[in-house]
Amino acid sequence: MGAAAVALALAVALAQATSRLLAKAAESWPLLILIGLALATGLAGIRVWRSHRNRADSERLARLRITLSELDAMDDQQFEYALRDLLVRDGWVATKVGRGGDQAADVIGGLVPLGRLVVQAKHTRVGGKVGSSVMYEVNGTAGPAHRADHAVVVTNGSFTRDAMAWGDRHGVHWVDRDRLGQWAHDGKALHELLGLPSRRSRLPWRRAA
């Protein structure tokens, strides 16, 4: 068989194979369309479900109010998650990060134009007091370790007089039981409660650097 004949035979075979494929595609196109529609519907349903879930979560957090007695009944981990949720309610993008070796950070949040916030949570029995050593630790790690613009220590108890005075002098904010009630139960935003500044250059550890 000559080269021309071989080429003709291959062309005929290819044409026949193409014709069969087209015929099969023509037979199955309704099924392919149904599969495509099912996939599109499923993806749209997932998007709608996620949207509703996110909206429901946002609405729930917007209404979030936690009493002091509820906070007292929590364990350390639950307390940290509650503080995270309160920050989210206030508009912060917040994450719970507390664990062993957390370098004095239990929750970290961000909010334009206020910058980055680090929270150290001190859950204690009612009447318990947080001392100055906690303030020293937070002040030493907030900027260098966490690049924070604001540092806050939150407790359901109280602070010693020295701790509050030292925090006020060095820019470490404190939230005691009274302020926690205003934040968690009364619904006042933390940054409004503490009067957090938006100008990062004025932060004490950034000035010192």
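The legends below describe several views of a predicted model of one protein chain.

View 1. Of its 209 residues, 35% count as buried, and the chain exposes about 12,400 Å², of which carbon and sulfur atoms supply 57%. Among the contacts with a separation of 6 or more, 59% are accounted for by residues 24 or more positions apart.

View 2. The mean pLDDT of the chain is 83, and 74% of the residues reach 70 or more. Among the elements of the chain, α6 has the highest mean pLDDT, at 98, whereas helix α8, covering residues 204–208, has the lowest, at 48. Over residues 205–209 the pLDDT is below 50, and this stretch has 15 contacts in the model beyond near neighbours in sequence.

View 3. In β5, 6 of the 6 residues are buried, so the strand is largely enclosed by the rest of the structure. In a regular strand the side chains alternate between the two faces of the sheet. Both faces of β5 are covered, with His-150, Val-152 and Val-154 buried on one side and Ala-151, Val-153 and Thr-155 buried on the other. Strand β3, residues 115–122, pairs with β5 in the parallel sense over 6 bridges, and Leu-117 stands opposite His-150 of β5. Strand β7 also runs parallel to β5, joined to it by 4 bridges, and Val-172 in β7 is the bridge partner of Ala-151.

**View 4. Helix α6 and its buried face.** Within helix α6, which spans residues 177–184, the buried residues are Leu-180, Gly-181, Trp-183 and Ala-184. Seen down the axis of α6, these buried residues fall within an arc of 165°, so they line one face of the helix. They pack against the helices α2 (68–72), α3 (76–89) and α7 (190–194), and also against the strands β5 (150–155) and β7 (172–175).

View 5. Asn-156 lies in the loop between β5 and β6, and because its relative accessibility is 0%, Asn-156 counts as buried. The side chains of Asn-156 and Asp-72 are joined by a polar contact of 2.9 Å. Not counting residues up to four places away in sequence, Asn-156 touches Asp-72, Phe-79, Lys-122, His-123, Thr-124, Arg-177 and Leu-180; one of these, Leu-180, is also among the buried residues of α6.

Technical notes. Residues numbered from 1 in each chain as written. Predicted model: local features only at pLDDT ≥ 70, side-chain atom pairs only at ≥ 80, totals over all residues. Heavy atoms only, no water. Buried < 20%, exposed > 50% of the residue type's maximum accessible area, 1.4 Å probe, protein only. Helix = DSSP H or I, 4+ residues; strand = E, 2+ residues; numbered from the N terminus. Arc of directions from axis to C-beta. Contact = heavy atoms within 4.5 Å. Areas by Shrake-Rupley, 256 points an atom, 1.4 Å probe, with all protein chains shown as cover. pLDDT = per-residue confidence, 0-100. Polar contact = N/O pair within 3.5 Å; in protein donor to acceptor, adjacent residues only side chain to side chain. Pairing = 2+ DSSP bridges.
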